[in-house]
Amino acid sequence: MSTIGSLGSSDFRRILTNHPVSSPTDLIFFGRNPRPTPFSLIQLTEEQRFAIQLAKKYALEQSIQNALRKQAVQYQQQDLNNIKRNHALILLSRIYVGSISFEIGDEDLKRTFSPFGPIKAVTLSWDATLQKHKGFAFIEYEVPEAASLALEQMNGYTLAGRNLKVGRPSNAPQAGPLETELRSDAKTRSRVYIASIHPELSESDIKTVFEAFGKVEGCTLYPDPKYPGRHRGFGYIEFESEESAISAVSSMNCFDLAGQQLRVARAITPMDVTLPLEANITTKINLAATSTTPSSAVALAAANISAKVMSMDAQEAVTSETSRHSTTTRFSMSTTDNPGLPPPGVFIPSAIGGLKPDPVTDQDALANSCETDEVSKSTASMWDDDEDSAVPIQPNNTTDITEEQPSDPDERIAVDSNTAQSGFLFTSPLSRVLLLENMLDAGDVDEEVEEEVREECARFGEVLRVIIHINGSDVRIFVQFDRSDVTQIACDALNQRFFSGRVVRARLYDEEQFQLHELDN
């Protein structure tokens with residue numbers, strides 16, 4: 001029998017003619033008595049259907065967690081950038097004043113340097129032995145533009161017979177690159193800082209004066225909280241072009257207007273910065289006002305996915321988790337746990353709202369908890385979850401009865417709409433450190449406590465380290481997670497749990513103090 005390689009073209013055509021190839025639509029039958037049967041899919045078993053449902057649920061969970069993880073990282077990075085920017089602005093707002101006459105005091109310095117802008121503090125060095133100052137001081141303004149003007153115009157100025165030496169503090173050079181970046185910002189380049197404004201002049205008066213250099217898009221004079229209706233003597237002007245801002249600075253600086261010399265300079269402070277500047281703004285950042293706020297459509301889609309995940313056999317997931325948990329760790333579920341908590345591994349943002357308690361789920365959870373108590377008693381577990389010692393815990397989404405509610409229906413509707421539009425923005429402080437208190441006395445600490453706490457907290461996410469801090473009879477257990485959202489979930493789950501007959505108090509701890517080993521605050 002010849003091989004295909006030895007066949008010629010004519011032989012190959014003859015074979016195709018005698019044995020034509022079937023078309024794709026022809027039916028092929030097998031067996032001795034073939035009969036055409038329609039094609040049908042294989043019926044899945046109950047186990048296979050259950051596995052598919054678990055896979056769908058897992059995919060939905062991962063999509064939610066990935067979206068929220070990216071959002072949390074974005075907000076954390078934004079917070080760090082804002083904190084870094086505010087620290088730089090504070091450093092740029094400070095100046096050093098040397099060669100001060102011994103006859104000059106704090107009030108004299110404040111009166112001399114106040115025309116450039118509002119002064120936050122004057123720190124005059126003091127010699128306790130000689131009972132007089134050392135001849136130098138630090139002045140901190142509320143805005144960096146005032147410090148820049150004082151640095152340019154007051155170096156070498158004669159005060160009480162001595163030439164002042166004005167410069168930057170020793171730690172100011174590290175803020176130099178950020179100052180250059182702020183000055184080069186497109187929104188800041190056409191902005192002008194103006195100070196030493198007469199109290200009788202209004203924003204419209206200043207705008208009329210500076211319109212000679214170009215179109216003025218806005219003029220803002222900061223109001224004086226002590227005297228309503230009056231300003232503090234400084235503000236900002238926004239021009240349409242950078243050329244107009246440059247012309248205004250070169251022409252109007254030290255210009256006499258209404259008996260006072262104006263102090264004009266290019267702006268450094270961004271428009272979105274709130275005065276006065278503060279060093280720690282972590283808890284004051286309004287995430288809802290940022291430009292990276294997710295749209296309502298994205299929030300609604302994530303809420304729908306979350307509700308779908310919750311509806312996929314939540315009762316079975318809670319039951320299986322309870323039975324698995326009672327056999328793998330000394331921690332046991334409390335009979336007073338919030339019935340509205342999602343199944344293990346499903347993360348639902350708190351701003352969307354918790355689930356309403358389900359009576360059927362409550363009964364099943366109560367039965368499973370009783371079985372767990374039997375196991376914990378037989379194994380001498382340190383975690384107590386019996387009904388006699390349990391303290392009722394209100395669900396997380398329950399409103400405090402002492403909180404005042406708006407009496408006007410329109411106000412309540414406005415509040416509800418604002419809450420709904422917030423999506424799931426992270427309004428709680430960002431911290432990856434969890435503090436557990438009132439767990440045990442100093443004499444009860446052993447080697448197994450750290451491992452047991454680590455094992456229990458690992459259920460919520462990756463645990464970086466566990467530190468047991470003992471101060472007298474007070475025992476504090478710090479747990480550092482890899483993500484702040486996981487820390488919040490663990491805090492809600494472990495708070496009001498029982499350990500050796502004690503009610504555990506769980507709360508978030510300031511991460512900066514934790515890194516500095518300040519564990520007694």
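Two strands count as paired if DSSP finds at least two bridges between them. I keep that rule beside me while I go through this predicted model.

**Entry 1: the sheet with strand 14**

I looked up an open sheet of four strands. Its order is 14-15-13-18, and the pairing is antiparallel. Which strands stand at the edges? They are strand 14 (463-471) and strand 18 (505-509). Each has a single partner strand, so one side of each is left without a neighbour in the sheet. I also checked the twist, which averages 25° from one strand to the next.

A reminder to myself: strands of a sheet pair through backbone hydrogen bonds, either parallel or antiparallel.

**Entry 2: strand 15 and its partners**

How many bridges join strand 14 to strand 15? I find eight, and the two strands run antiparallel. Strand 15 covers residues 474-481. I picked out two pairs here. Arg 465 has Gln 480 of strand 15 as its bridge partner. Val 466 stands opposite Val 479, also in strand 15.

Strand 14 and strand 15 form a hairpin with two residues between the strands. In that hairpin, Gly 472 takes a positive phi near 70°.

Next I turned to strand 13. Strand 13 pairs with strand 15 over five bridges, again in the antiparallel sense.

Is strand 15 mostly covered or mostly exposed? It is mostly covered: seven of its eight residues are buried.

**Entry 3: helix 13 across the sheet**

I followed helix 13 (residues 447-457) next. It lies across strand 13 (433-437), strand 14 and strand 15. Helix 13 runs at about 140° to strand 14.

Which residues of helix 13 are buried? I list Val 449, Glu 452, Val 453, Glu 456 and Cys 457. Looking down the axis of helix 13, I see its buried residues fall within an arc of 125°, so they line one face of the helix.

Then I checked the start of the helix. Asp 446 caps the N-terminal end of helix 13. A side-chain oxygen of Asp 446 lies 3.3 Å from the backbone nitrogen of Glu 448.

**Entry 4: the sheet with strand 2**

I moved on to another open sheet of four strands, with the order 2-3-1-6 and antiparallel pairing. Its edge strands are strand 2 (119-127) and strand 6 (165-167), and each pairs on one side only. Neighbouring strands of this sheet are turned by 20° against each other on average, direction ignored.

Strand 1 and strand 6 run antiparallel and are joined by three bridges.

**Entry 5: Ser 101**

Where is Ser 101 found? It is in the loop between strand 1 (94-98) and helix 3 (106-113). Its relative accessibility is 8%, and buried means under 20%, so Ser 101 counts as buried.

I then asked what Ser 101 touches, leaving aside its neighbours within four places in sequence. Its contacts are His 133, Leu 159, Ala 160 and Arg 162.

**Entry 6: cysteines**

How many disulfides does a search of the whole structure find? The count is zero. Cys 491 has a relative accessible area of 9% and is buried. Cys 254 has 34% relative accessibility and counts as partly exposed.

**Entry 7: positive phi**

Most residues other than glycine have a negative phi. With that in mind, I noted two residues.

Cys 254 lies in the loop between helix 8 (242-252) and strand 10 (256-257). Its phi is near 70°, a positive value in a residue other than glycine.

Ala 258 is found in the loop between strand 10 and strand 11 (260-261). Phi of Ala 258 is near 60°, which is also positive in a residue other than glycine. Is Ala 258 buried, partly exposed or exposed? With a relative accessible area of 45%, Ala 258 is partly exposed.

Terms used: Residues numbered from 1 in each chain as written. Predicted model: local features only at pLDDT ≥ 70, side-chain atom pairs only at ≥ 80, totals over all residues. Heavy atoms only, no water. Axes fitted to C-alpha atoms, helices over the stretch in contact; angles between N-to-C directions. Contact = heavy atoms within 4.5 Å. Disulfide = S-S within 2.5 Å. Buried < 20%, exposed > 50% of the residue type's maximum accessible area, 1.4 Å probe, protein only. Arc of directions from axis to C-beta. Polar contact = N/O pair within 3.5 Å; in protein donor to acceptor, adjacent residues only side chain to side chain.
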